[in-house]
Amino acid sequence: MLMQTVTQPDAAAAAAALVGSLIGGLIGYLLATIPLYGVLKKAAHPDVPAWGAFVPVYNTYCLLKVVGRPWWFLLLLLVPLVNIVVLVVVYHDLSRSFGHGAGFTVGLVLLSFVFLFVLWLGSSRYLGPAAAPATPRYA
């Protein structure tokens with residue numbers, strides 16, 4: 001009869017895995033938010049601090065302010081399938097806010113990490129919120 005031995009988990013290995021996971025998660029989070037920080041800083045919107053890019057949920061609110069969308073778009077981002085459409089709309093507004101077109105929007109949707117770096121470090125200039133209501137011109 002074969003006896004199976006039950007081993008106790010190694011506490012040091014578990015602690016090392018936890019620390020490694022936390023460090024890896026922090027590095028991943030910073031890599032994801034640094035290009036957004038650069039975009040918010042470049043936009044220099046008066047109501048949006050660039051450091052807001054590092055605060056979860058608030059960073060999306062800041063992005064919505066930069067592109068000219070209302071705060072309740074945050075609620076739409078919580079609805080499955082609707083959030084995909086809303087994200088494409090927000091990225092298109094971001095693209096237009098920096099003077100780019102639909103092709104750049106496709107890049108933002110498919111490779112947002114890379115294209116946010118392009119917006120930040122490239123020659124793009126912030127032209128103002130693309131979704132802001134136009135002021136009526138009366139003659």
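Residues are classed here by relative accessible area, computed with a 1.4 Å probe on protein chains only, as buried under 20%, exposed over 50% and partly exposed in between. The model is predicted, so that local features need pLDDT of at least 70 and side-chain atom pairs count only at pLDDT 80 or more, whereas totals for chains, interfaces and linings use all residues. Residues are numbered from 1 along each chain as its sequence is written, and side-chain values use heavy atoms, with hydrogens and water left out.

Eight aromatic pairs are found in a search of the whole structure, a pair being rings of Phe, Tyr and Trp (its six-membered ring) with centres within 6.5 Å, and planes under 30 degrees apart counting as stacked, over 60 as edge-to-face and the rest as tilted. One of them, tilted, joins Trp72 and Phe73 at 5.0 Å centre to centre, with 50° between the planes; Trp72 is partly exposed at a relative accessible area of 42%, while Phe73 is buried at 8%. An edge-to-face pair is formed by Phe104 and Phe115, with 5.0 Å between centres and 75° between the planes. Because Phe104 lies in helix H5 and Phe115 in helix H6, this pair ties together parts eleven residues apart in sequence, helices being DSSP runs (H or I, at least four residues) numbered from the N terminus. Phe104 counts as buried at 12% relative accessibility, and Phe115 is partly exposed at 22%.

The buried residues of H5 are Phe104, Thr105, Gly107 and Leu108. These residues pack against helix H4 (82-97) and H6, where contact means heavy atoms within 4.5 Å.

Terms used
Helices (H or I, at least four residues) and strands (E, at least two) are DSSP runs, numbered from the N terminus.
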